[in-house]
Amino acid sequence: MTSSTRLTWAAAALTGAALLVSCEATGDPAPTSSPTKTESLTHDGQTIQPAAAEDCSTPSREELRSFLGETAKQIQAPAAKSSVKDGVTALSCTYSLVPVAEGQAADPGNAVIIATTTVPDQARLDSLGIPRLMMSAGPVAGMDKTWFSINKLSETTEYVLETVQGMTVIRAQLNLPAAGPEVSQAQEKLLQITGNRNKNR
């Protein structure tokens, strides 16, 4: 070890010792490299709640395969996310349509996403602005407060159905790569999904 290296190490040791002494003298805790956070995780004012696969148990993967046919041949177990803000509770269930590597999230552009939003009153329901995020949304014939749309994006085609049942909004999306074939009877298939979800609530 050269003399300059010894000086560098000595200076670092003195600095660390001085910092520790300072912390002890003032009663402050010594700094750590990874402080522990105990507060609830929030994002844009939403409090993230614990969610489990059981929260997305209906419809089941087998039922989704039955509703969607070949499109859902490789459908995966759902990933559940739940949050609450101002009394509005949102649960999102994402079922990847292709296998996902361990530790990685599903590609939302190739998945079935079922979102359930529950509100405490009519005012909160009105504030949601239903139907949401739809291109040329059209009402579904014979259904009350239900809309269907096909959102054609540059890389993804989204088949979207949103329905209001009391103080609950159920939104089902079948998202597929834009280069793939068009899904036949998409509206009817999504109606099966939302009807199943509402029936089992």
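Ala111 touches Thr94, Tyr95, Ser96, Leu97, Gln173, Leu174 and Asn175, leaving out residues up to four places away in sequence; contact here means heavy atoms within 4.5 Å. This is a predicted model, in which local features need pLDDT of at least 70 and side-chain atom pairs count only at pLDDT 80 or more, while totals for chains, interfaces and linings use all residues. Residues are numbered from 1 along each chain as its sequence is written, and side-chain values use heavy atoms, with hydrogens and water left out.

Ala111 belongs to strand E5. Helices (H or I, at least four residues) and strands (E, at least two) are DSSP runs, numbered from the N terminus. The relative accessible area of Ala111 is 0%, so the residue is buried. Buried means under 20% relative accessible area, exposed over 50%, and partly exposed in between (1.4 Å probe, protein chains only). From Ala111 to Cys93 the C-alpha distance is 10.0 Å, at a sequence separation of 18 residues.

One of the contacts of Ala111 is Ser96, which sits in strand E4 (residues 88-96).

| Residue | Strand | Relative accessibility |
|---|---|---|
| Ser96 | E4 | 3% |
| Ala111 | E5 | 0% |
| Thr157 | E8 | 9% |

Thr157 touches Ile150, Asn151, Lys152, Leu174, Asn175, Leu176, Pro177 and Ala178, not counting residues up to four places away in sequence.

The largest nonpolar core has 24 residues, and those with the most contacts inside it are Tyr95, Val112, Tyr159, Leu174, Leu190 and Ile193. Such a core is a set of buried Ala, Val, Leu, Ile, Met, Phe, Trp, Tyr and Cys residues joined through side-chain atoms within 4.5 Å. Two or more residues each come from helix H2 (61-68), E4, strand E5 (111-118), strand E8 (156-165), strand E9 (168-177) and helix H4 (186-199). E9 gives the largest share, four residues. Another core, of eight residues, lies apart from it and includes Leu125, Trp147, Val160 and Val169. In soluble globular proteins, nonpolar side chains tend to be buried together.

In H2, the buried residues are Leu64, Phe67 and Leu68. They cover an arc of only 80 degrees around the axis, which puts them on the same side of H2; the arc is that of the directions from the helix axis to the C-beta atoms. Glu62 and Ser66 are exposed on the other side of H2. After H2 comes Gly69, with a positive phi near 65 degrees.

The count of disulfides (pairs of cysteine sulfur atoms within 2.5 Å) comes to one. Cys56 and Cys93 form it, with their sulfur atoms 2.0 Å apart. The link is left-handed, at -85 degrees about the S-S bond. Cys56 lies in the loop between strand E2 (46-49) and H2 and Cys93 in strand E4, so the pair ties together parts that are 37 residues apart in sequence. Both Cys56 and Cys93 are buried.
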